Amino acid sequence: MRVCKVCSENDSVFAVAQLLKSSGERNIIVTNGKSPVGIISVTDISSRVVAEGKDPKKTKASEIMTIHLMLKESSEDLAPLYVEMLKKNIYSCIIVDNGKLIGMLYLKEAMICILKEKKNH
């Protein structure tokens with residue numbers, strides 16, 4: 001699991017794009033306080049802002065974020081989560097602890113952790 005970059009719903013897409021560029025990440029979690037409410041990927045910026053001719057300095061993160069998130073509690077088992085991600089064709093899952101953002105788990109990372117667990121048993 002990785003610590004992920006976050007932004008506010010009110011941040012401009014321009015600010016989000018700058019943060020993504022400087023961090024080298026491909027997506028950012030949109031939060032309301034400490035709770036995740038959306039996610040924005042570089043593809044979202046390209047297709048929902050650039051391709052539509054919107055001004056990234058005037059467009060807010062909340063206007064382009066994806067709101068259907070895969071959220072899982074940090075206490076949940078990895079194997080069922082990995083299977084669910086595969087079935088739903090989801091490559092990343094937001095990990096929370098009692099609703100507060102902890103980080104992001106990517107499909108590849110989940111698979112590696114499961115393999116390590118099996119190897120140790």
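Two residues are said to be in contact when they have heavy atoms within 4.5 Å of each other. The structure described here is a predicted model, in which local features need pLDDT of at least 70 and side-chain atom pairs count only at pLDDT 80 or more, while totals for chains, interfaces and linings use all residues. Residues are numbered from 1 along each chain as its sequence is written, and side-chain values use heavy atoms, with hydrogens and water left out.

Leaving aside residues up to four places away in sequence, Val16 touches Cys7, Asp11, Ile28, Ile40, Ile45 and Ala61. Val16 also belongs to the largest nonpolar core, which has twelve residues; such a core is a set of buried Ala, Val, Leu, Ile, Met, Phe, Trp, Tyr and Cys residues joined through side-chain atoms within 4.5 Å, where buried means under 20% relative accessible area (1.4 Å probe, protein chains only). The elements named below are DSSP runs numbered from the N terminus, with at least four residues (H or I) for a helix and at least two (E) for a strand.

| Element supplying at least two residues of this core | Residues |
|---|---|
| Helix H1 | 13-23 |
| Strand E2 | 27-32 |
| Helix H3 | 61-64 |

Helix H1 gives the largest share of this core, three residues. A second, separate core of eleven residues includes Tyr82, Cys93, Ala110 and Ile114.

Strand E5 is largely enclosed by the rest of the structure, because five of its six residues are buried. Strand E4 (residues 71-73) pairs with E5 in the parallel sense over three bridges, pairing being defined as at least two DSSP bridges between two strands.

Terms used: Buried means under 20% relative accessible area, exposed over 50%, partly exposed in between (1.4 Å probe, protein chains only).
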